Amino acid sequence: RLRATIFPAGEDAFVRSLSRCVQWAARGGKSGSNFAKTKDDRFILKEMSRTETHPFMDSAPQYFDYMDRCAVAGSPTLLGKIVGVYRVIYRSTTSNATFRSNLLVMENLFYNRSVRHKFDLKGSVRNRLVNPLEQGGEIVLLDENLINMTCDNPLYILPHSKTVLMQAIQSDTQFLATQAVMDYSLLVGLDENNKELVVGIIDYIRTFTWDKRLETMVKKSGLLGG
């Protein structure tokens, strides 16, 4: 049902879309995961690590229930829509070894959009500045880049739009907190053709486990940035 909401063309069209993918170098994240994008630009595929797969499978029923309730009630949500998680098993023709890969399929928030500037926001200014000239390929800016840009060119939104945005953020973050998810990003794109902000919460599949707690402690100590 969630797939039908964003892809009404049907399951056959969904399968055809997934059958034609290209590797995609996603910028802004630090997970080191492999990504691909369907050639029609509709979906993004992410290779999931074991530390991501098991916690997500435990919380998946709650996630899909939450998204279903939002759809039925017409409540705003910014959570990037996950439309499937699949295990792909294949065998090497040379070594005869078997390989397994867990793939998460999510909507492309910027599908059919003319987005010039993209921002991966964490709500922090610690090591959250990049030099666009040092980035290759698709450029994704961070929190301090947005602050610097809006000093000269503020972003204006209508009061009603701001109310809906804040309502969605509050509802989504409260849900993520119940699932012990504390590390995620607000992806923002500036669609200059339509004069709109395209906003979504991404990278929310990892729960706050002991290794994430250790990572947070190290970052607070100043040994690592982020």
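**Entry 1: a loop residue**

I started with Gln-179, which lies in the loop between helix 5 and strand 7 (185–191). Helices here are DSSP runs of H or I with at least four residues, strands are runs of E with at least two, and both are numbered from the N terminus. A note on what I'm looking at: this is a predicted model, where local features need pLDDT of at least 70 and side-chain atom pairs count only at pLDDT 80 or more, while totals for chains, interfaces and linings use all residues. Residues are numbered from 1 along each chain as its sequence is written, and side-chain values use heavy atoms, with hydrogens and water left out.

Is Gln-179 buried or exposed? I looked it up: Gln-179 has a relative accessible area of 17%, so it is buried. The cut-offs are under 20% relative accessible area for buried, over 50% for exposed, and partly exposed in between, with a 1.4 Å probe and protein chains only. Leaving aside neighbours within four places in sequence, I found Gln-179 in contact with Ser-59, Gln-62 and Thr-207. Contact means heavy atoms within 4.5 Å.

**Entry 2: the overall layout**

I counted 6 helices and 8 strands. Along the sequence the pattern reads α-α-β-β-β-α-β-β-β-α-α-β-β-α. The protein has 226 residues, and 34% of them count as buried. Among contacts with a separation of 6 or more, 54% come from residues 24 or more positions apart.

**Entry 3: the cores**

Next I went for the nonpolar cores, meaning sets of buried Ala, Val, Leu, Ile, Met, Phe, Trp, Tyr and Cys residues joined through side-chain atoms within 4.5 Å. In soluble globular proteins, nonpolar side chains tend to be buried together. The largest core here has 22 residues, and Tyr-63, Leu-79, Ile-82, Leu-176 and Tyr-204 have the most contacts inside it. At least two residues of this core come from each of strand 3 (43–48), helix 3 (50–73), strand 5 (98–107) and helix 5 (159–178). Helix 3 gives the most, with 6 residues.

What does Leu-176 touch, not counting residues up to four places away in sequence? I noted Leu-79, Val-181, Tyr-184, Ile-201 and Tyr-204. Apart from this core lies another one, of 8 residues, and Ala-13, Phe-43, Val-83 and Val-105 are among them.

**Entry 4: rings**

I found 7 aromatic pairs in the structure. Rings of Phe, Tyr and Trp (its six-membered ring) pair if their centres lie within 6.5 Å; planes under 30 degrees apart are stacked, over 60 edge-to-face, and the rest tilted. The rings of Phe-14 and Phe-43 have centres 5.2 Å apart and planes at 90°, so I wrote the pair down as edge-to-face. Phe-14 is in helix 2 (residues 11–18) and Phe-43 in strand 3, so this pair ties together parts 29 residues apart in sequence. Phe-14 counts as buried at 3% relative accessibility, and Phe-43 counts as buried at 2%.

Tyr-90 and Phe-99 make a stacked pair, because their ring centres are 5.6 Å apart and their planes are at 20°. Tyr-90 is partly exposed, at 45% relative accessible area, and Phe-99 is partly exposed at 38%. I also saw Phe-56, Tyr-63, Phe-64 and Tyr-204 linked into a cluster by ring pairs.

One more ring to jot down: the charged end of Arg-42 sits over the ring of Tyr-111, 4.2 Å from its centre. To qualify, NZ of Lys or CZ of Arg must be within 6 Å of the ring centre and within 35 degrees of the ring normal.

**Entry 5: strand pairs**

Two strands pair if DSSP finds at least two bridges between them. Strand 3 and strand 5 run antiparallel and are joined by 6 bridges. I checked Glu-47, and its bridge partner in strand 5 is Leu-103. Strand 4 (residues 82–91) also runs antiparallel to strand 5, with 9 bridges. The partner of Val-88 in strand 5 is Ser-101. The hairpin of strand 4 and strand 5 has 6 residues between the strands, and there Asn-96 takes a positive phi near 65°.

**Entry 6: sides of helix 2**

Which residues of helix 2 are buried? They are Ala-13, Phe-14 and Ser-17. They cover an arc of only 105° around the axis, so they are on the same side of helix 2. The arc is taken from the directions from the helix axis to the C-beta atoms. The face turned away from that buried side carries the exposed residues Asp-12, Val-15 and Arg-16.
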